[in-house]
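Thanks for coming. I will talk about sheets and their strand order, and keep it short.

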Amino acid sequence: MINKKSGLVIVGAVILMMILVAGCLGSDTQNPKAGAGSIQCSESVGSGQNMIINETQSNATICANLNSSLTIRLTDYTRLGLNWAITGTPGLKIIDDGVTLYWFDQNGTPMTALEASNYTGPGMQTGENVWDVTMVNTGIQTMKGVLIFPGAPAGAPVNDRVFNLTIVVE
């Protein structure tokens with residue numbers, strides 16, 4: 001009888017362990033950060049820190065802490081007057097800081113707002129669009145930018161220049 005009871009205890013313990021393991025595995029699939037540990041980040045930014053990102057870092061994966069921030073600086077070198085349109089997932093607070101235009105014939109000197117509005121020279125100037133991005137939710141966040149003509153819908157890119165960024169927020 002004693003052997004029968006100890007055998008039942010062992011079988012019961014094994015079943016309990018299997019239930020616990022299955023429960024743990026099931027909870028990982030519901031976690032929005034599940035699998036984030038397998039993502040390779042090209043750069044990291046800590047809480048309260050800021051990192052500057054430009055178009056050469058398109059398709060990068062950034063590891064970031066909650067409430068850290070990025071400054072995105074994207075340039076249009078075509079001189080066609082295009083602007084970048086940026087979209088992102090809800091875990092990112094994106095603030096558009098506008099466009100700075102630069103003189104192409106004066107070694108990239110920035111134009112004042114008055115100079116830009118009164119400019120009648122040949123072609124458009126080089127422009128730089130700037131956004132401040134704060135991580136407000138954990139998980140895998142994404143951003144996408146496309147070049148568009150001013151006033152065109154955000155989904156109407158004029159060429160194949162696209163900026164993508166993946167941000168793993170912990």
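First, the terms: strands (E, at least two residues) and helices (H or I, at least four) are DSSP runs, numbered from the N terminus, and two strands pair if DSSP finds at least two bridges between them. This is a predicted model, in which local features need pLDDT of at least 70 and side-chain atom pairs count only at pLDDT 80 or more, while totals for chains, interfaces and linings use all residues. Residues are numbered from 1 along each chain as its sequence is written, and side-chain values use heavy atoms, with hydrogens and water left out.

Start with the open sheet of 4 strands. Its order is β2-β4-β7-β6, and the pairing is mixed. At the edges are β2 (50–54) and β6 (92–102), each of which pairs on one side only. On average, neighbouring strands here are turned by 20° against each other, direction ignored; axes are lines fitted to C-alpha atoms, for helices over the stretch in contact, and angles run from 0 to 180 degrees between N-to-C directions.

Within this sheet, 8 bridges link β4 (residues 69–76) and β7 (residues 126–135) in the antiparallel sense.

Which way do β3 and β9 run? They are parallel: 5 bridges join β3 (residues 60–64) to β9 (residues 162–169). Ala-60 has Leu-165 as its bridge partner in β9.
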